[in-house]
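Hi,

Here is the structure I promised to pass on. Have a look at it first, then read my notes below.

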Amino acid sequence: MSIAILSAVWQSSCNDHTTLLLLLALADWSNDQAESWPSIPALAAKSRLSERACRYLIRRLESVGALDVLQGGGRKHANM
């Protein structure tokens, strides 16, 4: 967990509680380079959201440029 990334999420202007939960869960897995690679089921469990909601929010965050999702090696890799 990167304290810097976690602090950045808390200081963000995110007003949507489900998005904030997802970002906090991603931050909990992030390293200092803002890289995070949890599985969707693990992310859903930690954020207390459904897997479908997690996938939707990830796509939405990616579409507005708040999140980069990279694929490789059979896994997706998220950069915040």
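Before the helix packing, a word on terms: axes are lines fitted to C-alpha atoms, for helices over the stretch in contact, and angles run from 0 to 180 degrees between N-to-C directions. Helices (H or I, at least four residues) and strands (E, at least two) are DSSP runs, numbered from the N terminus. Keep in mind that this is a predicted model, in which local features need pLDDT of at least 70 and side-chain atom pairs count only at pLDDT 80 or more, while totals for chains, interfaces and linings use all residues. Residues are numbered from 1 along each chain as its sequence is written, and side-chain values use heavy atoms, with hydrogens and water left out.

**Overall layout**

The chain has four helices and three strands, and from the N terminus on the order is α-α-β-α-α-β-β. Of its 80 residues, 34% are buried (buried means under 20% relative accessible area, exposed over 50%, partly exposed in between, with a 1.4 Å probe and protein chains only). Taking contacts (heavy atoms within 4.5 Å) with a separation of 6 or more, 44% are between residues 24 or more positions apart.

**Helix packing**

H1 and H2 pack at about 170°, and their axes are 9 Å apart. The two helices are therefore roughly antiparallel to each other; the cut-offs are under 35 degrees for roughly parallel, over 145 for roughly antiparallel, 65 to 115 for roughly perpendicular, and oblique for the rest. On the H1 side the contact uses Ile5, Leu6, Val9 and Trp10, and on the H2 side Leu20, Leu23, Leu24 and Ala27. By class that is eight nonpolar residues, no polar and no charged (Ala, Val, Leu, Ile, Met, Phe, Trp, Tyr, Cys and Pro count as nonpolar, Asp, Glu, Lys and Arg as charged, and the others, Gly among them, as polar).

Then there is the pair H3 (residues 40-47) and H4 (residues 51-63), packed at an angle of about 100° with axes 8 Å apart. That makes H3 roughly perpendicular to H4. Here Ile40, Pro41, Leu43, Ala44 and Ser47 of H3 meet Glu51, Cys54, Arg55 and Ile58 of H4. The contact of H3 with H4 divides into six nonpolar, one polar and two charged residues.

**Core and cysteines**

What does the largest nonpolar core look like? This core has 19 residues, and Val9, Leu22, Leu43 and Cys54 have the most contacts inside it. (A nonpolar core is a set of buried Ala, Val, Leu, Ile, Met, Phe, Trp, Tyr and Cys residues joined through side-chain atoms within 4.5 Å.) H1 (3-11), H2 (17-29), H3 and H4 each supply at least two residues of this core, and H2 gives the most, with seven.

Cys54 is buried, at a relative accessible area of 0%. Not counting residues up to four places away in sequence, Cys54 touches Leu22, Leu43, Ala44, Ser47 and Leu49. Cys14, on the other hand, is partly exposed at 24%. The disulfide count is zero, taking a disulfide as a pair of cysteine sulfur atoms within 2.5 Å.

**Around the end of H2**

Trp29 sits in H2 and is partly exposed, with 31% relative accessibility. Leaving aside neighbours within four places in sequence, Trp29 is in contact with Glu35, Ser36, Pro38, Ala42, Leu43 and Lys46.

Gln33 lies in the loop between H2 and S1 and is exposed, at 55% relative accessible area. Its C-alpha atom is 8.7 Å from that of Ile5, and the two residues are 28 apart along the chain.

Ala34 counts as buried, at 7% relative accessibility.

Arg48, in the loop between H3 and H4, also has a positive phi without being a glycine, with a value near 65°. Arg48 is exposed, with 72% relative accessibility.

Over to you!
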